[in-house]
Amino acid sequence: MGKRHLKTLFFIFFIMTAIAVSASVSVWAGDPEAGRLYFFGQRLFANSGPPCGKCHSVQGAGAGSAPELAMFCSDPANCGLIEAGWLNNNKDPKMEKSYSGNPITNDEALHLRAFLEKEGK
């Protein structure tokens with residue numbers, strides 16, 4: 001195999017590795033800090049839904065008129081519920097009113113989940 005072929009193979013390997021690493025980081029991992037900003041309304045949801053902290057609290061911070069969520073993710077079954085489909089189609093009347101016309105995106109839900117996972121430890 002000549003130098004040219006080795007360079008081509010190296011280039012292909014490099015690109016495929018970069019794509020795999022990029023996909024594994026951006027698709028699956030939420031950012032707890034971004035989640036905190038969304039939760040407390042310091043970063044606005046893309047579709048203008050209200051911040052979670054308008055009703056919920058985490059370790060005493062937030063409104064507290066709805067359930068405290070700090071320990072929500074201590075049970076992996078609960079934490080798995082934090083995804084856009086469940087948040088946007090929740091049958092709680094207040095949740096439904098808040099997000100039915102202002103859905104949370106998948107990325108926003110991942111960030112919220114990462115924040116609550118961190119708070120629940």
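Student: Which residues in the largest nonpolar core touch the most other members?

Tutor: Keep in mind that this is a predicted model. Of the 19 residues in that core, F39, F45, V58, L87, I104, L112 and L116 touch the most other members. Helix 2, helix 4, helix 5 and helix 6 are the elements that give two or more residues to this core, and helix 6 gives the most, with four.

Student: Why is H111 called buried?

Tutor: Buried means under 20% relative accessible area. H111 has a value of 18%, so it counts as buried. Its place is in helix 6, which spans residues 106-119. Setting aside neighbours within four places in sequence, H111 is in contact with G30, D31, P32, A34, G35 and Y38.

Student: What makes the pair of D31 and H111 a polar contact?

Tutor: The cut-off for a pair of N or O atoms is 3.5 Å. The backbone nitrogen of D31 lies 2.9 Å from a polar atom of the H111 side chain, within that limit of 3.5 Å.

Student: How do you know that helix 2 and helix 6 are roughly perpendicular?

Tutor: Their axes cross at roughly 100° and come within 7 Å. Angles of 65 to 115 degrees count as roughly perpendicular, so that name applies here.

Student: Which residues meet where helix 2 and helix 6 touch?

Tutor: From helix 2, they include P32, Y38 and F39, and from helix 6, H111, L112 and F115 are among them. The residues of this contact divide into eight nonpolar, two polar and three charged.

Methods: Residues numbered from 1 in each chain as written. Predicted model: local features only at pLDDT ≥ 70, side-chain atom pairs only at ≥ 80, totals over all residues. Heavy atoms only, no water. Buried < 20%, exposed > 50% of the residue type's maximum accessible area, 1.4 Å probe, protein only. Polar contact = N/O pair within 3.5 Å; in protein donor to acceptor, adjacent residues only side chain to side chain. Contact = heavy atoms within 4.5 Å. Axes fitted to C-alpha atoms, helices over the stretch in contact; angles between N-to-C directions. Parallel < 35°, antiparallel > 145°, perpendicular 65-115°, else oblique. Nonpolar A, V, L, I, M, F, W, Y, C, P; charged D, E, K, R; others polar. Core = buried A, V, L, I, M, F, W, Y, C linked by side-chain atoms within 4.5 Å.
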